Protein chains: 2
Amino acid sequence: MSNKSFSLSGMPDLSSIEVKKREYVLNVMKKIFEKYGFQPLETPAIEKREVLIGNYGSDADKLVYQLLKSGDFLSKVDSQLLNSDYNTLSSVISDKALRYDLTIPFARYISKNQSSINFPYKRYQMQKVWRADRPQKGRLREFTQCDADIIGSDSHWLEIDLIKVYDEVFFDLGLENVILKINNRKILEGLFKIFSSDLKFTEFCIALDKIEKKGKNYFIDFLKKNKVSKKNILLFELLLKQSISINDLDSFFSKKIKSKNDFIDQGVSDTIAVFSRLGNLKCLKIEFDLSLARGLNYYTGLIFEVLNSKVSIGSIGGGGRYDNLTSIFGKNIGSGAGISFGLERIIICLNELNLFPKFLYDSLDVLFVNLGDKEAILSQNYIDKLRSFNYSCELYPDNIKLKKQLSYANKRNVRYIAIIGEDELKSNKITLKNMSNGDQHKLNFNDLINFFKNE
Amino acid sequence: MSNKSFSLSGMPDLSSIEVKKREYVLNVMKKIFEKYGFQPLETPAIEKREVLIGNYGSDADKLVYQLLKSGDFLSKVDSQLLNSDYNTLSSVISDKALRYDLTIPFARYISKNQSSINFPYKRYQMQKVWRADRPQKGRLREFTQCDADIIGSDSHWLEIDLIKVYDEVFFDLGLENVILKINNRKILEGLFKIFSSDLKFTEFCIALDKIEKKGKNYFIDFLKKNKVSKKNILLFELLLKQSISINDLDSFFSKKIKSKNDFIDQGVSDTIAVFSRLGNLKCLKIEFDLSLARGLNYYTGLIFEVLNSKVSIGSIGGGGRYDNLTSIFGKNIGSGAGISFGLERIIICLNELNLFPKFLYDSLDVLFVNLGDKEAILSQNYIDKLRSFNYSCELYPDNIKLKKQLSYANKRNVRYIAIIGEDELKSNKITLKNMSNGDQHKLNFNDLINFFKNE
């Protein structure tokens with residue numbers, strides 16, 4: 001068995017430093033979420049199959065991990081079903097599935113607890129999700145999503161707080177060159193109405209959203225194929241050509257779109273209402289991007305996408321305004337807004353830009369080497385004392401060659417080693433050696449804590 | 001769809017206060033694990049099916065959640081297999097499974113990274129595990145395990161540190177009446193040798209371990225059924241009757257067991273070596289319990305089990321010394337020792353004993369009520385300032401009836417509400433109301449932070 005790989009691709013083990021990096025980023029987010037009044041929620045990894053399958057669209061459904069029923073899953077399956085297609089069979093032998101995102105479980109939670117939840121309800125949720133996807137850089141099959149949502153209000157203050165959360169999180173992480181791309185679904189809907197073709201709005205959005213990957217011509221060809229009039233195609237080419245400042249949004253659209261269009265007017269005034277009240281941001285640069293449409297069907301107002309312009313990893317966050325999030329569970333809670341952070345991609349950015357603090361790499365304050373039983377027992381007194389002041393330390397458990405113990409200490413990235421040998425037993429002192437500069441100190445029991453406090 | 005339950009039993013949603021309680025306990029553990037030199041590890045929720053199925057025994061195997069292969073899982077299944085039993089079929093249509101505990105994934109991780117790991121390797125791991133079990137009090141189908149292990153040394157200092165970790169964690173949580181039951185597999189093995197019946201050692205241990213639930217007679221009957229001699233059954237009755245102090249362990253066994261028995265001698269001296277070096281414990285009471293055998297097959301030396309004598313929830317932790325943890329992966333890393341905490345049961349104890357700190361229940365420092373656009377915009381200035389000092393606050397997003405906003409604040413458990421209305425706009429002050437005692441203060445912008453600092 002020994003030469004086989006027992007690991008799955010796209011499902012990484014996280015070593016000590018990797019866990020610490022994740023925790024560092026999660027703690028920054030958590031602190032800011034809570035400062036903004038968001039409260040934590042956790043939902044289980046496993047949901048009923050019907051909660052997940054059928055709610056993401058057929059492409060995404062394929063990426064949902066389904067669980068076999070426990071026990072004899074065949075007992076109630078008739079043999080005809082066994083020979084049907086795998087989709088039908090899976091709906092019979094599987095009744096549970098693994099969380100694919102945090103949005104549907106959140107919607108299920110709200111629907112279930114609608115009568116006891118205090119609206120407007122603000123929650124953040126930082127949990128793993130699983131997708132049977134092809135692994136690639138920045139895309140794993142197990143990864144952590146970090147979402148914050150407010151539900152139960154159509155006030156613009158929701159979007160304002162969410163943008164500020166983005167701004168503060170990226171600022172606290174030391175990330176510069178962060179761009180928040182925004183667009184408004186209402187503006188897109190208004191433009192779409194002008195076309196009056198056979199196109200569906202979602203198809204239009206999906207094609208528009210592909211501009212970044214496939215270029216503008218792809219989208220123009222798409223419009224042509226769908227019999228959009230030449231005049232309107234020209235209009236769209238014009239709109240996409242220009243970069244649009246948010247301050248000029250109103251005059252830009254009233255110049256370009258001659259006919260009165262309530263959707264565009266509403267979208268523009270919504271967008272301006274948010275941006276006029278944002279105040280000074282710490283690090284975000286905001287860009288209006290008419291081609292931003294985001295695949296998800298549920299956004300209805302402002303849409304966000306966050307990128308780092310220095311690291312080409314794609315979006316590191318996204319979100320927007322939505323209505324009727326809970327409608328698939330037969331409830332209507334009203335409007336809400338939310339954002340999401342992509343933890344793994346943010347970590348890639350921080351790694352590439354060398355932004356993780358150095359202290360994360362320290363693994364131990366003091367390693368006491370083990371030079372014999374008597375020495376080890378005395379070491380324990382020092383260790384107990386250091387630990388009582390919350391310094392991390394340990395005794396090397398075995399009395400083996402010093403060289404081996406020092407090699408362990410080196411690999412382990414310990415800050416100090418402490419030695420109690422024959423000399424130290426006699427003098428009742430320990431020798432403390434700084435592993436980064438080699439400095440040595442002889443200390444007695446009482447001086448030990450002072451040494452660390454003054455360090 | 002609206003009257004249906006979309007939730008799964010034994011897989012709870014965790015509301016804000018429940019998440020905070022869990023985080024509180026996990027942070028206490030984390031701090032102490034790291035103080036003792038343990039480093040974090042995380043492994044993925046999903047493992048290859050073969051890593052899990054077959055390694056826990058057939059009873060536990062049934063509780064492992066298996067994942068259906070992605071895509072057309074039937075394409076390579078011949079029709080005969082389809083009609084075979086569900087176990088055979090599942091091994092063909094499933095190739096992944098959900099983590100059942102943290103031990104096997106840990107063993108897989110070590111086997112995989114054997115050449116790069118710095119031994120003795122100390123890791124802690126606090127992650128969810130899933131079991132298709134019948135839910136009951138203190139037993140869920142999704143729950144968190146918290147493990148700490150040291151691997152690559154047979155020194156007694158391992159057990160000493162692990163017992164101290166238990167002691168410090170329970171002390172920091174404020175739990176009194178915590179009993180650490182211990183036994184030693186070597187002592188049990190020695191006793192077992194004396195019997196020389198047809199019994200297997202594991203069967204003997206399993207029966208012994210059931211004494212707590214089924215009583216001593218169950219075990220004595222079991223010995224009789226398995227043709228253990230009368231003399232030896234009498235001996236065992238005698239052994240089980242007496243409570244054994246660890247200090248008297250040596251004399252106890254040398255008195256009772258007349259013949260020379262290396263296993264017992266070794267077990268006794270191992271146990272004493274650990275307990276003679278423990279020093280003063282903060283809250284643990286240690287009891288030697290000869291009937292403690294723990295079901296798991298892999299323990300080879302000292303075994304632990306932790307209980308709270310005031311809350312009848314069963315064990316809140318357990319662990320012990322083991323050898324060859326990684327042998328199922330074809331590697332031999334040598335001896336190790338580990339402990340585990342049962343997070344959910346510890347939370348039940350802390351709840352029943354009312355030991356969670358009160359601050360966990362605060363959800364927001366200040367809620368600013370919304371009395372209109374102008375007022376809200378001014379409120380934002382105060383909110384920005386408070387947030388810059390890390391106080392948590394929010395603006396009620398909508399300008400609705402004050403009564404409704406105050407009712408929201410009440411349900412939300414906010415500490416203060418801040419009011420900016422007409423008067424306050426004129427006087428350039430805010431009214432801050434303490435929600436627990438009703439005290440009101442009029443404060444200007446500059447006094448706000450001082451007020452909170454002096455609170």
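Which residues does B:Ser155 touch, not counting residues up to four places away in sequence? In this predicted model, local features need pLDDT of at least 70, side-chain atom pairs count only at pLDDT 80 or more, and totals for chains, interfaces and linings use all residues. Residues are numbered from 1 along each chain as its sequence is written, chains are lettered from A and ligands numbered from 1 in the order in which they are written, and side-chain values use heavy atoms, with hydrogens and water left out.

With those sequence neighbours set aside, B:Ser155 touches A:Pro397, A:Asp398 and B:Arg321, contact being defined as heavy atoms within 4.5 Å. B:Ser155 lies in the loop between β6 (142-151) and α7 (157-172) of chain B; helices (H or I, at least four residues) and strands (E, at least two) are DSSP runs, numbered from the N terminus. The relative accessibility of B:Ser155 is 8%, so this residue counts as buried (under 20% relative accessible area, with exposed over 50% and partly exposed in between; 1.4 Å probe, protein chains only).

Across the interface, 102 residues of chain A are in contact with 101 residues of chain B. About 8,600 Å² is buried between the two chains, 56% of it on carbon and sulfur atoms; buried area is the accessible area (1.4 Å probe) that two parts lose on being put together, summed over both.

Between chain A and chain B there are 14 salt bridges, each a side-chain nitrogen of Lys or Arg within 4 Å of a carboxyl oxygen of Asp or Glu. One salt bridge joins the side chains of B:Asp13 and A:Arg108 (2.7 Å, N to O). Helix α1 (residues 16-35) of chain A supplies eight residues, the largest share of the side of chain A that touches chain B.
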